[in-house]
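I opened this notebook to record what I looked up in the structure, entry by entry. The sequence and the model come first.

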Amino acid sequence: MKIILVRHGEAEDPASTKSDQSRTLTEKGVRDIHKIGRFINNSSLNVSQVYYSPYTRTRLTAEILSEEINFKGSPVQANELAAGVGCSHILPNLLKLTNSDTVLLVGHNPDITYFAAQLLGNTCLTDNLVFQPGSTVAINVAREKFAHGQIIWAMSPDILDD
């Protein structure tokens, strides 16, 4: 199974909204996610499912990515990806997929960093994985274990052209 992890795009200042859940993307965040979406679309991976946390900024990120990759389905809100929950709770949802499927998950830091390290089978990697807003990593991992995966690619929107 290929798991594409994406941290939501840059979000507005927390002081500018009533709740953390309602924070939206900045203009830069929107541009960055379009760039990451085009990058994913130009990769060899064909996304079969998109999940996002129940926050405005992750929903918007998932919608932009879905548009850019020409995703045929609808992104699915997953409470298992909410900030502070720990992304590993999404794993039961992924068991219905096959090892040839690709799933895209939009979440928050530091949860997404810890989850990537878990999928790679080395939680010490959390110090070496950098998930700036809009960053992505694709991991190939057997769904029977969800561990000891291999990084297919990692990308930051800051190094991609507009």
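The entries below go from the whole chain to single residues.

**Entry 1. Ground rules.** I noted that this is a predicted model, in which local features need pLDDT of at least 70 and side-chain atom pairs count only at pLDDT 80 or more, while totals for chains, interfaces and linings use all residues. Residues are numbered from 1 along each chain as its sequence is written, and side-chain values use heavy atoms, with hydrogens and water left out.

**Entry 2. The chain as a whole.** I counted four helices and six strands in the protein chain; these are DSSP runs, numbered from the N terminus (helices H or I, at least four residues; strands E, at least two). Along the sequence I read the pattern β-α-β-α-β-α-β-α-β-β. The radius of gyration is 14 Å, close to the 15 Å of the globule rule for 162 residues, so the chain is as compact as a globular protein of that length. This radius is taken over C-alpha atoms, and the rule is 2.2 Å times the number of residues to the power 0.38. The C-alpha trace spans about 45 × 30 × 30 Å along its principal axes.

I then looked up burial: 50% of the 162 residues count as buried. Buried means under 20% relative accessible area, exposed over 50%, and partly exposed in between (1.4 Å probe, protein chains only). With contact taken as heavy atoms within 4.5 Å, residues 24 or more positions apart account for 74% of the contacts with a separation of 6 or more.

**Entry 3. The sheet.** In what order do the six strands of the open sheet stand? I read β3-β2-β4-β1-β5-β6, with mixed pairing; two strands pair if DSSP finds at least two bridges between them. Strands β3 (76–77) and β6 (150–155) stand at the edges with a single partner strand each, so one side of each has no neighbour in the sheet. Strands β1 (residues 2–7) and β4 (residues 102–107) run parallel and are joined by six bridges. I found V106 of β4 as the bridge partner of V6.

Helix α1 (residues 27–42) touches β1, β4, β5 (136–140) and β6, and its direction makes about 140 degrees with that of β6. Helix α2 (residues 56–68) touches β1, β2 (49–52) and β4, at about 145 degrees to the direction of β4. Axes are lines fitted to C-alpha atoms, for helices over the stretch in contact, and angles run from 0 to 180 degrees between N-to-C directions.

**Entry 4. Strand β2.** I found both faces of β2 covered: Q49 and Y51 on one side, and V50 and Y52 on the other, are all buried. Four bridges join β2 to β4, in parallel, and Q49 stands opposite V103 of β4. Strand β2 also runs parallel to β3, through two bridges; there Y51 has V76 as its bridge partner. The β-α-β crossover from β2 through α2 to β3 is right-handed, meaning that, with the strands pointing away from the viewer, the path from the first strand over the helix to the second runs clockwise.

**Entry 5. T102.** Is T102 buried or exposed? This residue of strand β4 is buried, with a relative accessible area of 3%. Beyond its neighbours within four places in sequence, T102 is in contact with K2, I4, L45, N46, V47, S48 and Q49.

Entry 6. Eight of the ten residues of helix α4 (residues 111–120) are buried, among them F115 and L119. Their cover includes β1, α3 (91–94), β4, β5 and β6. In the loop between β4 and α4 lies P110, and the peptide bond from N109 to P110 is cis, with omega near 5 degrees.

I also checked A83, in the loop between β3 and α3. A83 is partly exposed, at 31% relative accessible area, and touches Y55, H108 and D111, not counting residues up to four places away in sequence.

**Entry 7. Positive phi.** I noted that most residues other than glycine have a negative phi. N70, in the loop between α2 and β3, has phi near 55 degrees and is partly exposed at 49%. H148, in the loop between β5 and β6, has phi near 60 degrees and is exposed at 56%.
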